[in-house]
Each structure stands twice: as C-alpha cells, then as structure tokens.
Amino acid sequence: MNHSLDRETSRLNPALVWLVVVGIALVGLMAMSNTLLVDLTSSAPASVAQASLAPGTEGLLRQTASHLSKMQGGASIGGFPGFEPPDDDKRYKDKIRNQSYGGEEANYWGKEINNFLRPIADKNPGLTLEQILQRAGLSPERIDSFLTGLKNAHATIKALEGYGVTPETVRTLETLMKTLGVAPW
C-alpha cells in the first residue's frame, strides 16, 4: 500500500509543479502589465499639444516671461505669473513697478531673455514662437500677450542701445526673434 501511495504522489507532482509554474508565470505577466499601464498613464502628456514640445521648453518660456515682465512693471506676460521683486528690497520693487530701470538693467535682462530664447529655438527647430506657444497650450490672447511683451522688450532694448545696452545684445535678440518668426515691430 505504501508503494501505491508513493506512485500516486509522484504522478501528481509533475501536474502540481506544472500548475504552480503556470500560475507564477501568469501572476508575473499580470504584474508586468499593471506596471506598464501605470508607467504609460503616469507619463502621458497633459494634452496632445504638449506632446510635440521639446522637454524643458515650458520652463524656458516661463523664465522668458519672467524677464519680459521685469521690463513691463511686473505685469503677467502670456498668462505666466508676473515678476514680483522681494518685499525686503523696496528700491528694486519701485524700479520694477515704475519701470525706472536704466540701460544696464535692460542690457542684463535682454541677455537673460536671449539666454532663454536661444534654447527654445534650438530645442524646437523649424517652429515659430507662436507655434511653440500654441503647443504649450496658451490661448490666442496669451500668445498675443507673450509676443507683444517680447516686441516691447525689443523696442526698449533697441532704444537704450548705446546707453547701457550693447549692440551685441540687440543683434542677438533680433536674430533670435527672426529665427522664431517674430517681427520686432
């Protein structure tokens, strides 16, 4: 009798082993499927428009808007938050609010605008700034605000050329605006 029990157990073992292996494989496949689903949904872009923007473009747009805002009294540019100087620096706060900056500040801010526009153009070759702003999800009104802010900054920088703004800053801004399809006037 002992021998017949051993034979039945040995016949069941391969079947049990096979079931266990198949079960483990199915659990593993299900886990991989759920992980893949979570990865796909968590990394999906917020909108289809943003899917075609180069990584980091939105942050560069935000930084550009912040520097444009400095030259326009701290106003919001393109729907991005306006620049707010620190409360503990009343002189700087007044300079921004009253737009009483000089050529040296305009030159510095112009260089910063150039420093943010250059990678926007490089990361999104062949696209105009308007197309980039559309793909970033900005409304037509916000796009107009951004483009107007850039044109106003250019006019200010150009007017202060030779009074603290270097010709190089003006040329670079004009070249970048041309590359991005923005007429300076």
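Q: Why is Tyr92 called partly exposed?

A: In this predicted model, Tyr92 has a relative accessible area of 22%. Buried would require under 20% and exposed would require over 50%, so a residue with 22%, such as Tyr92, is placed in between and is called partly exposed.

Q: What makes Phe83 count as buried?

A: The relative accessibility of Phe83 is 16%, and because the limit for a buried residue is under 20%, Phe83 is counted as buried.

Q: How do you know that Phe83 and Tyr92 form an aromatic pair, and what makes the pair edge-to-face?

A: The two rings lie 6.1 Å apart, centre to centre, and rings pair if their centres lie within 6.5 Å, so Phe83 and Tyr92 qualify as a pair. The angle between their planes is 80°, and because planes over 60 degrees apart count as edge-to-face, that is the name given to this pair.

Q: Why is the pair of Tyr101 and Trp109 called edge-to-face?

A: The ring centres of Tyr101 and Trp109 are 5.1 Å apart, and their planes stand at 70°; since the cut-off for edge-to-face is over 60 degrees, the pair receives that name. Tyr101 and Trp109 are both buried.

Q: What makes His67 a buried residue, and which residues does His67 contact beyond its neighbours within four places in sequence?

A: His67, which is found in helix α3, has a relative accessibility of 8%, and because buried means under 20%, His67 counts as buried. Leaving aside neighbours within four places in sequence, His67 is in contact with Trp109, Glu112, Ile113 and Phe116.

Q: Why does Gly74 count as buried, and where does Gly74 lie?

A: Gly74 lies in the loop between α3 and α4, and its relative accessibility is 18%, which is under the 20% limit, so Gly74 counts as buried. Not counting residues up to four places away in sequence, Gly74 touches Ser69, Gly82, Phe83 and Ile96.

Q: Why is helix α7 called roughly antiparallel to helix α8?

A: The axes of α7 (residues 140–159) and α8 (residues 167–179) come within 10 Å and cross at roughly 155°. Because angles over 145 degrees count as roughly antiparallel, α7 is described as roughly antiparallel to α8. The contact is made by Leu150, Lys151, His154, Ile157 and Lys158 of α7 together with Thr169, Val170, Leu173, Glu174 and Met177 of α8, and by class this contact has five nonpolar, two polar and three charged residues.

How values were computed
Residues numbered from 1 in each chain as written. Predicted model: local features only at pLDDT ≥ 70, side-chain atom pairs only at ≥ 80, totals over all residues. Heavy atoms only, no water. Axes fitted to C-alpha atoms, helices over the stretch in contact; angles between N-to-C directions. Helix = DSSP H or I, 4+ residues; strand = E, 2+ residues; numbered from the N terminus. Parallel < 35°, antiparallel > 145°, perpendicular 65-115°, else oblique. Contact = heavy atoms within 4.5 Å. Nonpolar A, V, L, I, M, F, W, Y, C, P; charged D, E, K, R; others polar. Phe/Tyr/Trp six-rings, centres within 6.5 Å; stacked < 30°, edge-to-face > 60°. Buried < 20%, exposed > 50% of the residue type's maximum accessible area, 1.4 Å probe, protein only.
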